[in-house]
Amino acid sequence: MSFPWSKEYKPSHPLMTWLDEKLPLPRLVYNAVGGGYEVPRNLNYFWNFGFLAGFCLVIQIVTGVILAMHYSGETSVAFNSTEHIMRDVNWGWMLRYGHANGAAAFFAVVYMHIFRGFYYGSYKAPREMIWLLGVVIFLLMMATAFMGYVLPWGQMSYWAAQVITGLFSAIPLVGDPLKEWLLGGFAPGNATLNRFFSLHFLLPFVILGVVILHIWSLHIPGSSNPTGVEVKSESDTVPFHPYYTAKDGWTVGLFMIIYSLFVFFMPNALGHPDNYIPANPMQTPAHIVPEWYFWPFYAILRSFTQNFLFFEAKLLGVMAMFAAILVWFFLPWLDRSPVRSATYRPLYRKFFWLLVADVLVLGYLGGAPAEQPYVLISQLATMYYFLHFLVIVPIVSSIERPDPLPFSITESVLGSDGAAKL
Amino acid sequence: MSDEDSSGTPENGVRRRDFINIAAVSAAGVGGVAVIVPLVSQMWPSADVLAESTTEVDIAAVQPGQAIKAVFRKQPVFIRNLTPAEIEAANKVDVASLRDPQTLAERTKKGHENLLITMGVCTHLGCVPQGAGAGEVKGEFGGYFCPCHGSHYDTAARIRKGPAPKNLHVPDYEINGTVVKIG
């Protein structure tokens with residue numbers, strides 16, 4: 001947000017002055033992530049995950065574009081070309097492990113980013129559009145990750161393609177033809193692999209485009225902050241550069257330590273050994289599960305085992321799984337409390353942590369086999385998930401008496417605005 | 001004005017230019033929509049995929065209680081020679097109580113009630129159920145068990161328990177002696 005005290009871009013070199021008149025790109029960057037963007041001074045570490053998510057996207061695009069130079073999207077050679085990358089291509093093992101673990105890191109970071117949004121009410125007016133675009137990015141990430149997972153054409157790849165496209169066959173009347181259309185065949189085959197490769201290459205750039213819209217819409221109201229109180233005066237903010245570029249740089253360093261631990265010391269810890277077996281349409285692996293970042297949604301899908309009225313169990317499961325994310329689109333209007341931050345919402349805060357526990361339970365169940373008692377527990381957890389969004393959040397937001405808010409961001413940091421003179 | 005006369009009919013406010021405008025945008029719109037047809041159609045199974053549409057299998061060696069897997073349209077087909085006990089178990093079930101009500105007779109050919117030929121594709125999300133191979137789990141109803149999401153099929157490959165909505169699909173086939181032609 002351009003506050004009255006935001007600094008204006010001043011080219012320091014005649015060449016930059018010339019460029020600023022022709023194409024003010026440096027000015028755009030300065031105002032977006034430079035000294036011209038004024039940001040609340042009280043952001044905690046949860047505000048670093050947005051930058052980290054952008055960093056992960058860059059890792060994925062760089063490693064992904066390079067992997068595509070060595071990979072072949074043909075069913076007879078796809079598996080071998082992946083092994084060729086691992087064994088023959090210089091540094092190929094690092095690029096592939098970096099890409100596979102980069103996807104997991106991207107989801108981990110984005111889940112923390114979403115957690116931040118939930119806890120601090122970042123989705124509330126005037127920031128609804130940022131939230132909606134964020135949910136779109138998340139959906140695109142899921143589609144991209146799924147199609148990328150199919151590319152090595154191992155057993156887990158093949159059966160992921162079979163099961164996920166099978167979701168669409170649940171749709172009444174058009175389901176089966178739709179599945180054949182998506183696959184380009186009756187079962188996953190060469191047509192499927194080729195189109196997934198093409199789309200897996202395209203979608204990250206679509207994500208990049210939506211990320212730009214996400215940041216653009218963020219710059220209209222400006223960043224939120226842990227108190228949820230809007231910026232009132234100059235003493236409430238600091239310029240993004242150098243304050244938050246430095247802080248983000250520090251967390252990028254921390255992130256790289258954890259990421260490198262996975263890439264270099266346990267690159268297969270999050271994967272499944274079955275995916276090192278070439279795809280076999282005649283045999284499903286005994287235990288097929290998606291990657292950990294899809295487990296909560298997978299548990300919701302599997303929790304529907306009985307037909308209800310004239311709806312088939314399969315269709316209900318598919319609808320519930322998509323609804324679990326689509327309900328986020330309505331969150332800014334389901335939560336009508338004017339107080340953003342859960343720090344000042346004693347009742348909401350308790351239910352928030354219950355939801356976190358519920359999602360963790362669903363995550364555990366999504367990775368467990370489809371047996372009792374897991375099925376029953378996932379049914380209860382799924383019920384609570386939707387109860388939270390559709391019943392608890394609207395009721396809590398209308399009956400809750402929030403704690404008193406600080407007068408300003410400065411007061412919350414320094415105790416009184418008088419002590420705030422910089 | 002003379003300009004107006006040459007470009008349209010000023011008395012009702014419609015000019016020749018308006019017609020050209022509507023005609024051009026309509027033509028571009030129709031053209032744009034027409035382009036969608038090939039762009040969508042290319043996604044359907046191609047001719048070579050459709051060409052692999054029949055499979056012939058010799059079933060002479062399949063003894064009662066045994067099953068084999070064949071490949072039809074790049075998907076598994078289960079060909080199972082039912083034992084008298086399995087046929088009896090399938091016929092004892094109250095058909096009205098089934099999720100997808102069908103009798104064993106409806107799912108087999110007349111005179112070959114022991115020969116159960118179904119797709120080996122779970123009707124839930126398309127995994128290959130277990131139970132056709134030797135030593136595989138057959139589920140609670142002695143037929144097939146899908147490990148992906150826990151669907152149990154009985155000895156007529158009918159859905160009995162779990163999330164799958166339909167019985168295992170019976171493909172079109174004909175029996176000539178010991179040879180089954182699927183598709």
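Predicted model: local features only at pLDDT ≥ 70, side-chain atom pairs only at ≥ 80, totals over all residues.
In chain A, helix α3 spans residues 49-70 and helix α5 spans residues 92-119. The axes of these two helices come within 8 Å and cross at roughly 155°. Angles over 145 degrees count as roughly antiparallel, and α3(A) and α5(A) are therefore roughly antiparallel to each other. The crossing of α3(A) and α5(A) is left-handed. Sorted by class, the residues in the contact of α3(A) with α5(A) comprise 15 nonpolar, 10 polar and 2 charged.

The peptide bond from Ala125(A) to Pro126(A) is cis, with an omega near 5°. Pro126(A) belongs to the loop between α5 and α6 of chain A, the latter helix covering residues 128-150. Another cis peptide bond joins His241(A) to Pro242(A), where omega is about 10°. Pro242(A) lies within a helix, α10 of chain A, which spans residues 240-265. In general, most peptide bonds are trans, and most residues other than glycine have a negative phi. Trp153(A) is not a glycine, although its phi is positive, at about 55°. This tryptophan, Trp153(A), is found in the loop between α6 and α7 of chain A. Trp153(A) counts as buried because it has 27 C-beta neighbours inside 10 Å, the cut-off for burial being 20 or more.

Strand β7, made up of residues 142-146, pairs with β8(B) in the antiparallel sense over 4 bridges. Within this pairing, Gly142(B) stands opposite Asp154(B) of β8(B). The two strands form a hairpin with 4 residues between them, and in this hairpin Gly150(B) adopts a positive phi near 75°. Strand β9 of chain B, comprising residues 159-161, runs antiparallel to β8(B) and is joined to β8(B) by 2 bridges. Here Tyr153(B) stands opposite Ile159(B) in β9(B). The hairpin of β8(B) and β9(B) likewise has 4 residues between its strands, and Ala157(B) in the turn has a positive phi of about 60°.

Both faces of β8(B) are covered. Ser151(B) and Tyr153(B) lie on one side and His152(B) and Asp154(B) on the other, and all are buried.

Strand β5 (residues 75-81) and strand β6 (residues 115-119) run antiparallel and are joined by 5 bridges. Asn81(B) stands opposite Leu115(B), a residue of β6(B). Strand β6(B) is mostly covered, with 4 of its 5 residues buried.

Strand β10(B) is joined by 4 bridges to strand β11, which spans residues 179-182. One bridge in this antiparallel pair links Ile175(B) with Val180(B) of β11(B).

The contact between the chains takes 30 residues from chain A and 25 residues from chain B. On the side of chain A that touches chain B, the elements giving two or more residues are α7 (155-168), α8 (175-183) and α12 (313-329). Helix α7(A) gives the most to this side, with 5 residues. By class, the residues on the side of chain A that touches chain B divide into 14 nonpolar, 11 polar and 5 charged.

Definitions and conventions. Residues numbered from 1 in each chain as written. Chains lettered and ligands numbered in written order. Axes fitted to C-alpha atoms, helices over the stretch in contact; angles between N-to-C directions. Parallel < 35°, antiparallel > 145°, perpendicular 65-115°, else oblique. Left-handed = near helix turned anticlockwise from the far one by under 90°. Nonpolar A, V, L, I, M, F, W, Y, C, P; charged D, E, K, R; others polar. Buried ≥ 20, exposed ≤ 12 C-beta atoms within 10 Å, placed from the backbone. Pairing = 2+ DSSP bridges. Contact = placed C-beta atoms within 7 Å.
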